[in-house]
Amino acid sequence: MKMYNKILVTAAILLAGFAGCKKSETGFLSDNVFYRSNPIVAEQGAVTYSAPLEVDGSTAPLKVKLLDVRDKASGKSVIDSFLKEREITTFLGEITSLDTSLEMINKKLAKKMVKPFNVAEIGGRLEFSAATKYLAPGTYEIDLQIDNVKGSRILKNACDIVIKEQ
């Protein structure tokens, strides 16, 4: 009888131990993801970068996708103008003290098609190119989708962008 009780008690302890176990969740996606600087100010025609998203302990890597850009005054989507490639003049190489003539400097310049605005896929850094000279000055708001191993979340009005006239 004692042996039977020992087996019964051991089985009960093991069963209680297994019942108390649960599979740990994979990853974490915070409800508190934001840009530290808000609004982010970019001058027309100037290259500007923001800091990445503050992820509040969310599991890395955090993939970010731009969903919309809206004019804050009218509420209308202007994403097409922010993503349309435009021609700008860019440097092919470094200007050094050996570049002593305008002709030598001009050899290091080229025309290139670039988008005025980009959101970095990893981390969500906002990137403004010299093609912002083609954007109308004003205040805009953006919507983002963020994803990681835990899941996905939509950030409506993630931040304001101010395009300042040069």
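In this predicted model, F82 is buried, and Y140 is buried as well. A search of the whole structure finds three aromatic pairs, and F82 and Y140 form one that is edge-to-face, with 4.9 Å from centre to centre and 70 degrees between the planes. Because F82 lies in helix 2 (residues 79-83) and Y140 in strand 8 (residues 138-148), this pair ties together parts that are 58 residues apart in sequence. F117 and F128 form an aromatic pair that is tilted, with 5.1 Å from centre to centre and 40 degrees between the planes. That pair, too, links distant parts of the chain, since F117 belongs to strand 6 (residues 117-119) and F128 to strand 7 (residues 126-128), eleven residues apart. The two pairs are set out below.

| Aromatic pair | Geometry | Centre to centre | Between the planes |
|---|---|---|---|
| F82 and Y140 | edge-to-face | 4.9 Å | 70 degrees |
| F117 and F128 | tilted | 5.1 Å | 40 degrees |

F82, F117, F128 and Y140 form one aromatic cluster. F117 is buried, with a relative accessible area of 0%, and F128 is buried with a relative accessible area of 2%; both values lie under the 20% that defines a buried residue.

The largest nonpolar core has 26 residues, of which Y35, F117, L126, I142, L144 and I161 touch the most other members. Two or more residues of this core come from each of strand 1 (40-43), strand 3 (63-71), helix 2, strand 6, strand 7, strand 8 and strand 9 (151-164), and the largest share, five residues, is given by strand 9. The C-alpha atoms of I146 and L62, which stand 84 residues apart along the chain, are separated by 6.5 Å.

Three strands form an open sheet in the order 2-7-6, with antiparallel pairing. Strand 2 (48-49) and strand 6 stand at the edges, each with a single partner strand, so one side of each is left without a neighbour in the sheet. Strand 2 pairs with strand 7 in the antiparallel sense over two bridges, and T48 stands opposite F128 in strand 7.

For the protein as a whole, there are three helices and nine strands, and from the N terminus on the elements run α-β-β-β-α-β-α-β-β-β-β-β. Buried residues make up 30% of the 166 residues. Among contacts between residues at least 6 apart in sequence, 65% join residues at least 24 apart. The accessible surface comes to about 11,000 Å², and 56% of this surface belongs to carbon and sulfur atoms.

Terms used:
Residues are numbered from 1 along each chain as its sequence is written. This is a predicted model: local features need pLDDT of at least 70, side-chain atom pairs count only at pLDDT 80 or more; totals for chains, interfaces and linings use all residues. Side-chain values use heavy atoms; hydrogens and water are left out. Rings of Phe, Tyr and Trp (its six-membered ring) pair if their centres lie within 6.5 Å; planes under 30 degrees apart count as stacked, over 60 as edge-to-face and the rest as tilted. Helices (H or I, at least four residues) and strands (E, at least two) are DSSP runs, numbered from the N terminus. Buried means under 20% relative accessible area, exposed over 50%, partly exposed in between (1.4 Å probe, protein chains only). A nonpolar core is a set of buried Ala, Val, Leu, Ile, Met, Phe, Trp, Tyr and Cys residues joined through side-chain atoms within 4.5 Å. Contact means heavy atoms within 4.5 Å. Accessible areas come from the Shrake-Rupley method with a 1.4 Å probe; for residues, only the protein chains shown count as cover. Two strands pair if DSSP finds at least two bridges between them.
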